[in-house]
Amino acid sequence: MEKLRVAVIGTGFVGRVHVENIRRQTDAEVVAIADQTAEIAAGFGRALGVARTTGEYRDLLDDPSIDAVHICTPNKTHFPIARDAIEAGKNVICEKPLAMTAAEAARLVELARAKSVVHATSYNLRFYPNVAQMRRMVETGQVGEILAVQGSYVQDWLFYDTDYNWRLEPEVGGASRAMADIGSHWCDLLEHVTGRRIRAVCAELATFHPIRKKPKKPLETYAGKMLAPEDYEDRPIGTEDFAAVLLRFDGRARGSFTVNQVAAGRKNRLLMEIYGTRCGLTWDGERPNELWVGRRDGKNQLLVKDPSLLERGARGFADLPGGHSEGYADTFKQFFRRFYAACRDHSLAGDLPGFDAGLRQLELVEAVLRSDAEGGWVEVD
Ligand code: SOE
């Protein structure tokens, strides 16, 4: 079988994650890298051992031998690059948020369907074995009717007013930050696991650092603790550090979650709790190999990831035996495996978070922003 030839556009921390996990596939290879300048692309190519690099991504789209592109650039460029890639007939994985607005995302969904390319938004958290397990438990009725969901996604990499990144700037990252960046992961996971759709939201946002100190030179995500006062300039911040959101579903189910990017000590913690009429489930993204199952009339359980103990349908998300942890990078390996299988057989594309998943999250993000601005419940669909 000939390997699928893949180009990665964008060389930040997640670009590296993509390259490394494409390389873990047996049927795909990274053949080229692009970034906004030839120098940046070449530096990354040297570090990761990719010979072909360019400062002009369109050169790669013009190359008929390239089957797929991964878009790992800052948010504002997602739409134009994805549009150009689809028009060139490439299969596309795009980092989240899929675009700057739901309207842009809707255009990408339409275009991808019209051109029959395989498309996916990088909601990688779906591919943890215990997340697949939770989904199977809900599907098979083991959780019962879902009554309440709650949780959070919290980080501390933007804790100080000297922490800075392009995500803080609405013209590059979009009108929403914490919600679009990490809240969208939480909502995607919730809807994926429960099969329930959020029908309405009531939200309050907060920006704890209305002014931040912007370094005079660009910094990569999660970097930048080593600068001196003279290295900064003040910049007003309009995007949210924090959001608290109430959720309504059809029927009895209700829920809430918070997101916070200034939560001291929480490096990158997603917490999801689902309470049904039969049992409760809790999953903590910083301890992804454990799943808590709570019961009123029996012993609570802590399921430690072990393929032999996972439901059928969840087992295929674990490659290693029990006691051998699988983590963040492995979710991309599992995700890309399914993406490349779908590139060969389009009937498998249903297993992926398509561009429709990216659109869905932007609709939710926009509803949250509107709810905060107007001060009340906003319907989503
Ligand atoms: C930055 O907040 C970020 O890297 C997100 O963009 C990712 O999607 C999440 O995995 C971790 O945090």
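I start at Pro307, which touches Arg315, Ala318, Leu320, Pro321 and Gly322, leaving out residues up to four places away in sequence; contact here means heavy atoms within 4.5 Å. Pro307 sits in the loop between strand E16 (301-304) and H9. I take helices (H or I, at least four residues) and strands (E, at least two) as DSSP runs, numbered from the N terminus. Pro307 counts as buried because its relative accessible area is 19%. My cut-offs: buried is under 20% relative accessible area, exposed is over 50%, and partly exposed is in between, with a 1.4 Å probe and protein chains only. I also checked Pro307 against Arg370: they are 63 residues apart along the chain, and their C-alpha atoms are separated by 43 Å.

Housekeeping before I go on. This is a predicted model, where local features need pLDDT of at least 70 and side-chain atom pairs count only at pLDDT 80 or more, while totals for chains, interfaces and linings use all residues. Residues are numbered from 1 along each chain as its sequence is written, and side-chain values use heavy atoms, with hydrogens and water left out.

Overall picture next. I find 10 helices and 17 strands in the chain. The C-alpha trace spans about 60 × 55 × 40 Å along its principal axes. For 381 residues a compact globule would have a radius of gyration near 21 Å, and the chain has 21 Å, so the two agree. That radius is taken over C-alpha atoms, and the globule rule is 2.2 Å times the number of residues to the power 0.38. Buried residues make up 54% of the 381. Of the contacts between residues at least 6 apart in sequence, 70% join residues at least 24 apart.

Helix H1 (residues 13-22) now. Seven of its 10 residues are buried, so H1 is largely enclosed by the rest of the structure. Which residues of H1 are buried? I noted Val14, Gly15, Val17, His18, Val19, Asn21 and Ile22. What covers them includes strand E1 (4-9), strand E2 (28-34), helix H2 (38-48), strand E4 (68-71), strand E5 (91-94) and helix H9 (328-344).

On to H8 (residues 178-194), the helix that holds Thr194. All told, 17 of the 17 residues of H8 are buried, so the rest of the structure largely encloses it. I checked its length: at 1.5 Å a residue the 17 residues should span 24 Å, and the end C-alpha atoms are 23 Å apart, which agrees. The expected span is 1.5 Å times one less than the number of residues. H8 has a kink of about 35 degrees, centred on Ser184; the bend is the angle between axes fitted to the seven residues ending at a residue and the seven starting there. After H8 comes Gly195, with a positive phi near 70 degrees.

Thr194 got a closer look. Is Thr194 buried or exposed? Thr194 counts as buried, at 9% relative accessibility. A polar atom of its side chain lies 2.7 Å from the backbone oxygen of Leu190, and the backbone nitrogen of Arg196 lies 3.1 Å from a polar atom of the Thr194 side chain. Not counting residues up to four places away in sequence, Thr194 touches Val138, Ile146 and Ile274.

Then His78, in helix H4 (residues 78-87). His78 is buried, with a relative accessible area of 0%. A polar atom of the His78 side chain is 2.6 Å from the backbone oxygen of Pro97. Beyond its neighbours within four places in sequence, His78 contacts residues including Ile71, Thr73, Cys94, Lys96 and Pro97. Pro97 itself is in the loop between E5 and helix H5 (102-115), and a cis peptide bond joins Lys96 and Pro97, with omega about -10 degrees.

Another backbone note: Ser116 has a positive phi of about 50 degrees although it is not a glycine. Ser116 is in the loop between H5 and strand E6 (119-121).

Last, the cysteines. How many disulfides does the structure hold? I count zero, a disulfide being a pair of cysteine sulfur atoms within 2.5 Å. For Cys72, the nearest cysteine sulfur is that of Cys94, 8.2 Å away. Cys72 is buried at 8% relative accessibility. Cys343 is in no disulfide either, with the nearest cysteine sulfur, again that of Cys94, 15 Å away. Cys343 is buried too, with a relative accessible area of 13%.

How values were computed
A polar contact is a pair of N or O atoms within 3.5 Å; within protein, one must be able to donate a hydrogen and the other to accept it, and residues adjacent in sequence count only if both atoms are side-chain atoms.
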